[in-house]
Amino acid sequence: MNRKTRSYLTIALAILLLVLLRAWSPAIQFAQQILHGSITTVTTTHVTEIVTPTTPAKNAIPIPIASRLPSPTPTPPVQPKPAPSSSGNGQTGGTSSGVSQAANAVFNQINAARAQAGLPTLQWSNMLVNSAHKHNLAMMAGNQLSHQLPNEPELGTRISQAGVNWTFAAENIGESSDYLHPTTAATDLDQAMLNEKPPDDGHRQNILSNANTIGIDVLIDTQNQKVWLTEDFARTA
């Protein structure tokens, strides 16, 4: 091999070595970083965010326009006061056929709901109707939806004064501006109570309680252009 050929081979080997060094340089640096503990690994993670509502959506309650229900205030069982020895018949509050029809429609709607829930039907009580009617008159006079108006006895005393010997008592009340259609107004209010969902279902619990009697009064208030509804429940001794 002559000198010229050796020179060519030397240059070729130098070029090949240079190429190899450049190719292996990143690997050598990576190895050096690992040996010196300076390696940093970055991982990109794609996260799909699942949004869960904090509270379940509430079903809309179909209350007629300008109608409202009070906050549920079920009356807890208490020891009743002795019923008076004499009492009236407790006739229904309304004198028109429309009012009677409205009260009967609510009564049938309540018993249908109880039957669907496997509960016994409620018996009609004229004494409870009398209590409910007096309460409707008090709400109409004050134009206020409340379970106890000023100077009015609380529920237990009211139904005891009406002659009911009770061991459990509860009351649902409501008002509607649809005073020209009392039956529709009253049944819609009652249906809104039945549509309540736990835990805000005090009215529904009253309807599906262990009561065995009920009195319903529907009062048409032409002065305030409202319909007042009172449902008084009791379990009699």
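The protein chain contains six helices and four strands, where helices (H or I, at least four residues) and strands (E, at least two) are DSSP runs numbered from the N terminus. The model is predicted: local features need pLDDT of at least 70 and side-chain atom pairs count only at pLDDT 80 or more, whereas totals for chains, interfaces and linings use all residues. Residues are numbered from 1 along each chain as its sequence is written, and side-chain values use heavy atoms, with hydrogens and water left out. From the N terminus on, the elements follow the order α-α-β-α-α-β-α-α-β-β. Of the 237 residues, 36% count as buried (under 20% relative accessible area, with exposed over 50% and partly exposed in between; 1.4 Å probe, protein chains only). Among contacts (heavy atoms within 4.5 Å) with a separation of 6 or more, 76% are accounted for by residues 24 or more positions apart.

The four strands form an open sheet of order E1-E3-E4-E2 with mixed pairing; two strands pair if DSSP finds at least two bridges between them. E1 and E2 are the edge strands, each pairing on one side only. Strand E1 (residues 123–124) pairs with E3 in the parallel sense over two bridges, and Gln123 stands opposite Thr213 in E3. The pairing of E3 with strand E4 (residues 226–236) is antiparallel and extends over nine bridges; Val218 has Leu229 of E4 as its bridge partner. Four residues lie between the strands in the hairpin of E3 and E4, where Gln225 adopts a positive phi near 55°. Strand E3 (residues 213–221) is largely enclosed by the rest of the structure, because eight of its nine residues are buried.

The largest nonpolar core has 23 residues, of which Ile110, Ile214, Ile216, Val218 and Phe233 touch the most other members. A nonpolar core is here a set of buried Ala, Val, Leu, Ile, Met, Phe, Trp, Tyr and Cys residues joined through side-chain atoms within 4.5 Å. At least two residues of this core come from each of H2, strand E2 (166–176), H5, E3 and E4, and H2 gives the most, with seven residues. Beyond its neighbours within four places in sequence, Ile110 is in contact with Leu122, Asp190, Ile207, Ile214, Ile216, Glu231 and Phe233. Another core, of seven residues, lies apart from the largest one and includes Leu128, Val164, Trp166 and Ala234.

Helix H3 (residues 126–142) contains Ser131. Ser131 counts as buried because its relative accessibility is 3%. When residues up to four places away in sequence are not counted, Ser131 touches Arg158, Ile159, Ala162 and Asp232.

The second largest pocket has a volume of about 150 Å³. Pockets were located on a 1 Å grid over the protein atoms alone, as open sets of points with protein on both sides within 12 Å along at least five of seven lines; a cavity is instead a set where a 1.4 Å probe fits but cannot get out, and lining residues have an atom within 4 Å of a point. Grid points are joined across faces, edges and corners, and the volume is the space filled by probe spheres set on the points. The lining of the second largest pocket consists of Gln109, Ala113, Gln116, Ala117, Gln191, Leu194, Arg204 and Leu208. Helix H2 (97–116) and helix H5 (182–194) are the elements that give two or more residues to this lining, and H2 provides the largest share, three residues. By class, the lining comprises four nonpolar, three polar and one charged residues, with Ala, Val, Leu, Ile, Met, Phe, Trp, Tyr, Cys and Pro counted as nonpolar, Asp, Glu, Lys and Arg as charged, and the others, Gly among them, as polar.
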